[in-house]
Amino acid sequence: MQSNKAFIENLDRLGAWGVITTDTKLFVTGWNRWLEQRSGKPAGEVLGRHIFELYPDLTSRGIDRYFREALEGRDCLLSQRFHKFLLPMPPSVSCTSLMHMQQTARLMPLMDDETVSGTLTLIEDVTERIVTEDELRKQAERLEEAGRHKDDFLAMLAHELRNPLGPIRNGLHVLELVPGDSTEARQTRAMMARQVGHMARIVDDLLDVSRIARGKVRLRHEPCDLTSIVRDVIEDYRPLVEKSGIRLVIDSTPERAIVRGDGVRLAQVVGNLLNNAAKFTNAGGEIRVTREINRKAKTVVVRVSDTGIGMSRETLSRVFDSFAQADSSLDRSKGGLGLGLSLAKGLTNLHGGSIEAASNGPDMGSMFTLVFPLSESEVRENTTVVDGQEPAKHSKRVLVIEDNPDMGLSMQMLLTHLGYRVELAASGTEGLDAARQFQPQIVLCDIGLPGRNGYEVARALRADPDTQQAYLIAQSGYGADDDLRKSHDAGFDLHLTKPVDFTELKRVLSAVPGDPARR
Amino acid sequence: MSKILVVDDSNLARRATRAILEAAGHEVSDAQDGLAAIERYFLDKPELVLLDVTMRDMDGLEVLQRIRSVDPEARIVFVTADVQSSTREMAVAGGASGFVVKPVSSGPLLDAIAEALSGRPA
Amino acid sequence: MIISELQTDAISELINIAFSRSAASLSDLTASRVDLEVPEVSVHPIANITAALHRFVKGDVATVHQVFTGPVAGDAFLLMNFDGAVHLVELLTNGEVVSKGLGASAREVVTEIGNIVMNACLGVFGNLLHVRFSFSVPRLSLDDLGVMVNSLIVDSNPMQHALVVGARFRLRNSEVTGCLVLVLGIASFELFLQEVEAWAERSLRGGANE
């Protein structure tokens, strides 16, 4: 008896368990501090009373059986998953779905030599473990669902990219068979250009989505007139939309709405919304674009609404998810990857704006609302890219350092066509040798070179008095602030992100100052 | 004093039950499995069958149904270690005239037999 | 060790009653019907149990182990196939437990089930054989069957015998297979057989179970 008491007191001191002792008739003989605190019943109230009288639902829940087993000398385990708890107590972790503390309990006989002298119950609080397990399970379910969506998406992507390849391949065969200046050849080239354009758009969209997701999109920060952007985009889309028998209406005053950001990207947002509206509106329907300026709230609101097939509540909840759209067979039948809305949202958020989708239900049309903060400064006139002037006839020397042979060759051909004198090197070391001999005024250098990378090449060129005056342009697939800084530190004058737009390159090259020493 | 058929695949159970019944003056025949039980029933024409629920080949419920399909007035008392309430319900629903829990003691067993035999249909 | 036919019959009947009680306890706990096939009982020297076990469990197994004391003392093990245990937990908790493998909550469930089956079994023995069985806290381990049997053999005296019971339960349209193994020392086994025979004889005299 004495050793039992000491044992139990020691257990109590551990403080981490509820400890109940009873005699052989199940009258309570021990009730520890843990229990007092958590059950709200002080020991004085509980000692000497019958356990089933204190907690009558033990009987109705069938738990009295375990006490009787213990009295017969058998240890019992009551797991949380079956019983939830032994005694009802408030949960220790704030969690909306649990009403009681979750417990695992052990019921044991108290032995006095060979005879049973009572029972010992140990109660453990496992609420936190259960909450964590439930959260993990939900997370696992979500990840699995997202994984499934990605798999579907990849399948769709592969399909979409393969489609244009067929005609392009065929076109190449045709071009081998017919004279280069024939009508057939012209038509074939036009068709191939269209298909390439289609693929390029898909790839651009994908890259954009990926860059936005990784926070690596570089935006210009200039004052842009959203009013004229909206007007221009609508006019660009008008032929397409009206050809599908849809009416396109714009409701906006000529008043300027200056937003700070990237004009090209803002046009992309509006364009994607229009494209989406047109995709899901049938002939005879209408798309209406409105633009409101709210001077007091300092915001500009652009709404694109349509009388099309609308969205169910379920679709509405996932409308901006990039991968969820793969589910829609309708989307698939219209072609494309369904990334437009996801991109629109990402770009809008990067501009400090917000986008919302609404629909009264299937067949009741949809409405997308963009809200951007107004900027104070004036718009700069004409932010569109102007074609560079013709390169000087005393042609500039350009060194292209690029390890991808196809890329290097095509670059060389294009620049030669533009009137430059071009040398090609396939590695950093080759490039440095070529630079010393060729003395280029411009060096177009890939960063990701095998052996000595672009940064090392730049540093070496700047270190050498023979080559340090060249205009160094870096080319790289990465364009985040970090990457720009690294190029600049290495000595580059300019950093272009791949894939490089040809028109942009033309402009940049023609803007490079001539021969005289620059540094 | 009645003719009783004892069906159970456990040797000890058959012998123990026989001991109780013979001590009370009943005439006992027995069978080890479902098929033998059905055969015995029609050969010996007992007034009552004591039937184990859990048997290897054919379970007690099926034996009951087969016997009753030929003789709807057969009196069958289930003897079983299975104490789930759903088992008792299935037995009653299947037409059992009684239910005794193993391990069998003579009091409850003889009471159940008496009750089943007295409930002869009008 | 020679076991008479009477003793064998008696052990079979005892196990039948004991496992039916276990099934009933499980049924209460899970609020669903449990159908039990007639358990297969055999006795072996401890070194030879693998073949008997192999008819019911293979590969990775979940084992619940309880030590029992009293005049008849030894070890009780309930073995289930690991996949079967995971499946059983899913069945019984309506998928509320993270299903890949056995986490803490799932292990508790398996331990409780083993505890219930073994307690019911030894409870019946205790009541009918007039022998007191006292149990310890159950412990769960997850191992390959071979590893588990080896550790069992190593920890035991080679003269010990094991009572192996193979059982198949049906629960919610799924079949669960497991093995109960009772390992007893010589003296304990002899006392056990003695009491079993005494019970059998009481039954045959018509007055065993008042």
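Two strands count as paired here if DSSP finds at least two bridges between them. Strands (E, at least two residues) and helices (H or I, at least four) are DSSP runs, numbered from the N terminus. This is a predicted model: local features need pLDDT of at least 70, side-chain atom pairs count only at pLDDT 80 or more, and totals for chains, interfaces and linings use all residues. Residues are numbered from 1 along each chain as its sequence is written, while chains are lettered from A and ligands numbered from 1 in the order in which they are written.

**View 1. Strand β4 of chain B, residues 76-80.** All 5 of its 5 residues are buried (20 or more other C-beta atoms within 10 Å of a residue's own, with C-beta atoms placed from the backbone), so the strand is largely enclosed by the rest of the structure. Ile76(B), Phe78(B) and Thr80(B) point one way, Val77(B) and Val79(B) the other.

**View 2. β4(B) beside β3(B), residues 48-52.** The pairing is parallel, over 4 bridges, and Leu50(B) sits opposite Val77(B).

**View 3. β4(B) beside β5(B), residues 98-101.** Again we have 4 bridges in the parallel sense, with Phe78(B) opposite Phe99(B).

**View 4. Where chain A touches chain C.** The contact (C-beta atoms, placed from the backbone, within 7 Å) takes 21 residues from chain A and 24 from chain C. On the chain A side, α8(A) gives the most, with 6 residues.

Notes
Buried ≥ 20, exposed ≤ 12 C-beta atoms within 10 Å, placed from the backbone. Contact = placed C-beta atoms within 7 Å.
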